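Here's a quick briefing on the model below.

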Amino acid sequence: MNKIEPIGRPLQAALAPVQDYLAELHARVSAVSGGNPADYIPELGKVDPELFGIAIATVDGQVYAVGDADVPFTIQSVSKPFMYGYALQHYGRPAVLEQVGVEPTGEAFNSIVLDEVANRPFNPMVNAGAIAVAEMMLGDTQEKRIANMLELFSDLAGRKLEIDDAVFNSELATGHRNRAIAYMMLNTAMISRDPNEVLDLYFRQCSVKVTARDLAIMAATLANDGKNPLTGKAVFDAQYVRDVLTVMNSCGMYDYAGEWAYEVGMPAKSGVSGCIIAVIPGQIGISVYSPPIDRQGNSVRGIRVCQEISNEFELHAFNNRTNVRSVIRRDYRADLVRSNRLRTPEERAVLAKEGARIAVIEAQGALFFGSTEQLLRRLMHLAAEARYVIVDFKRVHLADRSARKLIVRVARAMAQGETELVFAGIAENGPLESLIKALAESEDGRVQLFRDTDTALEWCEDRLLTGAPFDLGTKFAVSEINLFKGLSPAECRLIESIIRPLMFDKGDVIMREGDDAKLFFVLARGTVSVEIKVPGRGERRKRVASIGPGLTFGEMALLDGGKRSADIVANERVICYGLGVEELHALAAEHPNVMITILSNLTREFSERLRHANEEIGVLE
């Protein structure tokens with residue numbers, strides 16, 4: 001007998017590839033030497049230079065950490081992009097640009113260089129700019145401003161953070177260069193409050209205690225358009241995250257910024273405590289902590305870690321993986337792929353001939369300018385030959401502002417023409433909610449909206465069938481029912497003798513899943529939906545088909561007499577005929593042709609449905 005081995009290390013590594021990679025990276029980069037802990041702030045010079053931690057947080061809240069990722073240290077200049085984001089969030093872009101610019105200096109982080117032409121610091125990543133931004137913290141008192149600052153960083157980290165008093169006092173005692181910068185700024189009206197008060201807050205923000213794990217989550221908050229991936233709290237608007245990342249990319253690594261952008265290609269920020277954060281928008285936040293820093297003030301090991309991660313996984317910002325052509329999953333016409341509405345032979349014949357006037361295009365992925373242009377170009381091509389064009393957005397997870405503007409433009413243009421635009425698969429509270437709002441705000445952009453493509457197809461089919469040369473609305477006579485086609489007038493009267501006329505209101509459950517199948521039904525007026533339970537989704541049910549006048553449901557009771565396999569729900573007030581299975585079998589015992597004809601019609605109907613299903617599968621492959 002073969003012995004079953006327990007799950008071991010190789011399989012665990014295969015199931016945790018990111019964690020395993022970080023462990024290997026940590027071991028490899030641990031051998032890197034060079035640099036020294038910052039000692040111009042005495043308290044920072046006391047730290048163990050061998051400390052080394054790496055953490056990565058994803059935009060859905062998964063955190064990978066190795067080494068000393070949970071050892072606390074002070075955030076230092078890594079606080080600057082977050083304070084800048086706070087200022088943008090509360091004051092807006094124009095007001096913040098009056099206080100601080102966005103131009104890189106090519107100088108050291110603590111250089112005494114100011115933009116005398118615009119009368120402001122060059123950017124918020126150098127000390128002068130960060131001091132100007134610190135003055136913008138809201139609060140009527142210094143205590144309130146400190147509390148607001150700590151609340152900001154706590155929201156970003158997803159836990160309550162505190163100030164390291166020892167480091168704060170050390171900065172306060174030795175921060176003479178920053179005092180010189182602040183008084184120069186006061187002299188030129190770049191700041192207006194007491195420099196000592198502004199510097200008190202600035203030194204405190206730099207002295208907030210964090211871990212590499214915290215910083216990875218904070219970086220992932222930027223990657224996640226300003227929403228903390230652990231708590232779900234929106235800290236910054238996405239429009240301001242873009243500004244923060246832009247300045248981080250050009251200025252975050254000071255006089256090493258150009259080389260960093262060339263080699264690593266990630267928006268990043270470093271701090272003299274030995275920490276670095278890097279952001280891959282829409283994907284991850286990276287944090288590294290290792291106290292020895294180089295002459296530019298950047299962690300030696302931190303730079304190496306980011307270089308290796310960028311190269312290993314091709315995360316450079318200008319590695320283009322965008323394929324706008326993949327936005328179209330497929331397109332097809334309704335003569336080959338119909339809705340799940342069960343139709344009479346007459347209706348099917350019309351749709352086989354006219355269904356090509358309904359076109360469906362399935363979109364997928366993210367909609368931005370390039371992908372939306374591809375989608376709309378195909379849409380307009382289909383619209384030239386179709387009466388209705390359905391766009392299925394079910395697989396689209398994002399539509400940015402440029403995409404929304406282009407879509408609204410097309411909606412306006414098509415509202416003036418013959419082709420009707422129909423959108424499906426846009427949930428009201430889903431990721432495309434802003435697209436619904438944009439369409440609603442457009443007075444002349446008329447678009448029909450449906451919860452899914454099937455209901456959209458059914459609506460378009462009904463519109464096509466409106467002009468058909470036969471009655472779609474009511475089927476009261478037994479002879480008009482497809483199931484009884486071929487019966488003689490006398491046999492139809494026999495069927496009528498055992499029919500039970502039934503009426504149901506909208507929402508009534510006519511048949512319930514799991515009930516005994518003792519009756520089957522013929523629909524005379526109105527429509528019903530066939531609904532099944534969605535596995536693993538509690539009581540949630542999904543519509544899989546709809547049925548109109550002249551058609552039957554529950555007919556499997558004739559064949560096996562088992563349990564009902566789905567719910568049948570009235571979409572409106574309906575009239576239908578119920579036929580007892582036992583009564584029909586008793587009737588057929590004396591009049592066998594009745595049952596033979598009914599079963600022949602059922603077989604023909606099932607065969608037609610199967611044939612068309614096979615055709616649809618071929619089209620949708």
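This is a predicted model with a mean pLDDT of 89 for the protein, and 93% of its residues reach 70 or more; pLDDT is the predictor's confidence in each residue, from 0 to 100. Over residues 1–14 the pLDDT is below 50, and beyond near neighbours in sequence this stretch has three contacts in the model (contact means heavy atoms within 4.5 Å). Where pLDDT is low, the predicted coordinates should not be read in detail.

**Ground rules**
- Residues are numbered from 1 along each chain as its sequence is written, and side-chain values use heavy atoms, with hydrogens and water left out.
- Local features need pLDDT of at least 70 and side-chain atom pairs count only at pLDDT 80 or more, while totals for chains, interfaces and linings use all residues.

**Nonpolar cores**
- A nonpolar core here is a set of buried Ala, Val, Leu, Ile, Met, Phe, Trp, Tyr and Cys residues joined through side-chain atoms within 4.5 Å; buried means under 20% relative accessible area, exposed over 50%, partly exposed in between (1.4 Å probe, protein chains only).
- The largest core has 71 residues, and F82, Y84, F153, M185, L215, L222 and F236 touch the most other members.
- Helix α10 (residues 212–223) gives the most to this core, with nine residues; helices (H or I, at least four residues) and strands (E, at least two) are DSSP runs, numbered from the N terminus.
- Apart from this core lies another one, of 31 residues, with A383, A403, A411 and I426 among them.
- Setting aside neighbours within four places in sequence, M185 is in contact with L114, P121, A128, I131, A132, M190 and I191.

- Of the 37 residues that line the second largest pocket, K394, D452, T453, D454 and K542 are the closest to its centre (on a 1 Å grid over the protein atoms alone, a pocket is an open set of points where a 1.4 Å probe fits, with protein on both sides within 12 Å along at least five of seven lines; lining residues have an atom within 4 Å of a point).
- Strand β11 supplies the largest share of that lining, five residues.

**Single residues**
- Q89 lies in helix α3 (residues 80–91) and is partly exposed, at 26% relative accessible area.
- Leaving aside neighbours within four places in sequence, Q89 is in contact with V235, F236, D237 and Y240.
- Q76 has a positive phi of about 50° although it is not a glycine, and Q76 is buried, at 3%.
- A189, also not a glycine, has a positive phi of about 65°, and A189 is exposed, at 61%.
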